[in-house]
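Try each task before reading its solution.

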Amino acid sequence: MSQGAGAVIGTLWPIPDRSTAQFMKNFYQILSSNGGHASRALAEAKRAFMSGGRYKHPYFWSGFVLTSANQKFDKNVFD
């Protein structure tokens, strides 16, 4: 963010690469289909993981967090 990014997604602990890759794939698909609303996309990606499948344990999805410089970047990262 110090270099100009409006929003950053990070994790609170190390998460395995395979589950992270799947999570980020889901996140970006949702982000592109919802008009760029980052916090909503993150919440939907988390709900998709928690609803079942290989990575439903909170360890794999609950550590992802969004930090944004201001609400503009949270509402539409494509502006």
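**Exercise 1: Aromatic pairs**

A search of the whole structure finds six aromatic pairs. Rings of Phe, Tyr and Trp (its six-membered ring) pair if their centres lie within 6.5 Å; planes under 30 degrees apart count as stacked, over 60 as edge-to-face and the rest as tilted. This is a predicted model: local features need pLDDT of at least 70, side-chain atom pairs count only at pLDDT 80 or more, and totals for chains, interfaces and linings use all residues. Residues are numbered from 1 along each chain as its sequence is written, and side-chain values use heavy atoms, with hydrogens and water left out.

Task: describe the pair formed by Phe23 and Phe49.

Solution. 
- Phe23 sits in helix α1 and Phe49 in helix α2, 26 residues apart, and the pair links distant parts of the chain. Helices here are DSSP runs (H or I, at least four residues), numbered from the N terminus.
- Phe23 is buried at 0%. Phe49 is buried at 5%.

Task: which type of aromatic pair do Phe27 and Tyr28 form?

Solution. 
- Their centres are 5.0 Å apart, with 75° between the planes.
- The pair is edge-to-face.
- Phe27 is buried, at 3% relative accessibility.

Task: which residues do ring pairs link into a cluster?

Solution. 
- The cluster holds Phe23, Phe49, Tyr55, Tyr59, Phe60 and Phe64.

**Exercise 2: Helix α2**

Task: where do the buried residues of α2 fall?

Solution. 
- Find the helix. α2 covers residues 38–50, which makes 13 residues.
- List the buried residues: Ala38, Ala41, Leu42, Ala45, Lys46 and Phe49.
- Look down the axis. These residues fall within an arc of 135°, so they line one face of α2. The arc is taken from the directions from the helix axis to the C-beta atoms.
- Look past the end. Gly52 follows α2, with a positive phi near 150°.

**Exercise 3: Confidence**

Task: where is confidence lowest and highest in the protein chain?

Solution. 
- pLDDT is the predictor's confidence in each residue, from 0 to 100. The chain averages 88, and 85% of the residues score at least 70.
- Helix α3 (residues 71–75) is lowest, at a mean of 59.
- Helix α1 (residues 17–33) is highest, at 96.

How values were computed:
Helices (H or I, at least four residues) and strands (E, at least two) are DSSP runs, numbered from the N terminus. The expected span of a helix is 1.5 Å times one less than its number of residues. Buried means under 20% relative accessible area, exposed over 50%, partly exposed in between (1.4 Å probe, protein chains only).
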